Structure formats: structure tokens, C-alpha cells
Amino acid sequence: MANLHTYKPTPDQLKGRVILVTGATRGIGRVAALTFAAYGATMVLHGRDVSALEKVYDEIRDQGHPEPAAIPLDLERAGTHEFDGLAYAIESRLGRLDGLLHNAAHFEKLSALELQTAEEWSRTLQVNLIAPFALTQACARLLKASPDASVVFTSETHGHEPPAPYWGGYAASKVGLEALMKIQAAEWEKHANLRANVVIPGPVDSPSRAKTHPGELPATRRTPEKLMPAYLYLIGPDSRGVTGQIVEC
């Protein structure tokens, strides 16, 4: 694996590639979508909020990058039919898919297990674990047709380190996400054109971090832009052959 502290992609690193980013309207997802577009990718932008999607769409277009596509979908309420529909929409509009960044996430609140509800766990697991599984499954046909396809999952420290009190369903969903990645990478082992990896951003200035650590000063957090070398490396051609890895930023 490349040294991500010194990694510098070429300006056209992602030229000709179609990349889907979930949760592309804010935080790491938004910055990743703008960054991938700047390096030549044709972006497929996912989010729940249509107006927010349109803003990112316009920003990419106004900067002169390849014309993106925007596909709204509420992951909390989506099922197999909706995920398949998203994949078919990508195929009909763009004809291919070379990369998938699972970045959308749901967080309820920090609380003791005895105070959490089944409904809260259901929402969290649906967005953070079931949706990445179902969307990867729906897009597998397109990814397999790509000469070089990469799937990247954004996880979280509490899903990687020994579980801590009060993180409940959120931590459980992220533990499951790492397991999902490892299973997928192992099942794709015989496919040289496919790979799957996890990124753990660490403390970063994002809406999720503000919700989980409300007393933390934003100035003490890294910006999402600081993480982009890791995401660019894993989503692009330089990481071909790197799979099943957990990259801690």
C-alpha cells in the first residue's frame, strides 16, 4: 500500500471513471464528491435532500468538471426494489460504474443500552449496514463489468476499537460494516478487477462529529479535505490489488 501521508495523485487520476458517493450533500461525502470530480470522475451524487443534492450538482458543473448525475433516495426506507432502481438509473444514464463510496450514516444519540429502542437500532442498522450491503449487491453487476472497480466503506473508530459504553447500535452497525467489507473482499478475491476497503477517518469536522461530540471545538478537528489522499488512493487505480484493508486516518 502507498504511503498515504505523501501520496499525490495525478491531476487526471479518475478521468473516465463513474463513481457513486452516498451521503454526498455534506461532510466527508460532499468533499469527496467535489474532489473526485476535480480529478476527472463523472459523479453520481446520492442524498435524501433534493435541494442539497442540486447545490452539489451545480457546484461540480459550475467548476467545469464532468456533468454529474444526482439520484435522491431515502436509505432508511429503501428496500431491494429501490436499490435495484438506483443501479438501473446509473446504468441507463451513464452506462457504467467504476467506484462506490459508502459514506451516508445515521446516528441517534449516546445513551445506555437500556434506554435505546428497537426502532432506533432498526434505523441505525438500516442506514449504516443494510443499505451498504444492499446497494453494493445492486451495483455488483456494473462493478464486475468495470475493468477496475473499487468499493470504499467509511467506518468509525467506535466500530473498530473495543466497543465503548453508550455507543450502542451505532458502534454495532460499524462493527458490522467492517465485517461486511471483509466478507465482500474475500468473495471477490478471484476477481482482479474488484476490491473493497474501509476508511476510518478519526476526528474530523463533520455534522456527525458535531452531533457525537458537541463540546468539542471545531478548530481542533481535521477538515475532510485532509482525508482526501486516502479516499483518492483507494477509489482510484493506484490501489488496484489492495483489498480487505482497514485504513485508519
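Let's start with a term: buried means under 20% relative accessible area, exposed means over 50%, and partly exposed lies in between, using a 1.4 Å probe and protein chains only. The model here is predicted, so local features need pLDDT of at least 70 and side-chain atom pairs count only at pLDDT 80 or more, while totals for chains, interfaces and linings use all residues. Residues are numbered from 1 along each chain as its sequence is written, and side-chain values use heavy atoms, with hydrogens and water left out.

**Exercise 1. Thr42**

Task: find where Thr42 sits and how its C-alpha atom is placed relative to that of Gly16.

Solution. Thr42 belongs to strand 2, residues 42–47. At 17% relative accessibility, Thr42 is buried. Thr42 and Gly16 are 26 residues apart along the chain, and their C-alpha atoms are separated by 7.1 Å. Contacts of Thr42, not counting residues up to four places away in sequence, are Arg17, Val18, Ile19, Pro66, Glu67 and Leu94.

**Exercise 2. Two partners of helix 1**

Task: describe how helix 1 packs with helix 2 and with helix 7.

Solution. Two packed helices are described by the angle between their axes and the distance between the axes. Axes are lines fitted to C-alpha atoms, for helices over the stretch in contact, and angles run from 0 to 180 degrees between N-to-C directions.

Take helix 2 (residues 50–62) first: its axis and that of helix 1 (residues 27–38) come within 10 Å and cross at roughly 25°. Angles under 35 degrees count as roughly parallel, over 145 as roughly antiparallel, 65 to 115 as roughly perpendicular, and the rest as oblique. Helix 1 and helix 2 are therefore roughly parallel to each other. At this contact, Arg30, Ala33, Leu34 and Ala37 of helix 1 meet Val56, Glu59 and Ile60 of helix 2.

On to helix 7 (residues 228–235): it packs against helix 1 at about 60°, with the axes 11 Å apart. That makes helix 1 and helix 7 oblique to each other. Here Ile28, Val31, Ala32, Thr35 and Phe36 from helix 1 meet Met228, Tyr231, Leu232 and Ile235 from helix 7.

**Exercise 3. The whole chain**

Task: say how many helices and strands the chain has, and what share of its residues is buried.

Solution. The chain has seven helices and seven strands. From the N terminus on, their order is β-α-β-α-β-α-β-α-β-α-β-α-α-β. As for burial, 51% of the 249 residues count as buried. The C-alpha trace spans about 50 × 40 × 40 Å along its principal axes.

Methods: Helices (H or I, at least four residues) and strands (E, at least two) are DSSP runs, numbered from the N terminus. Contact means heavy atoms within 4.5 Å.
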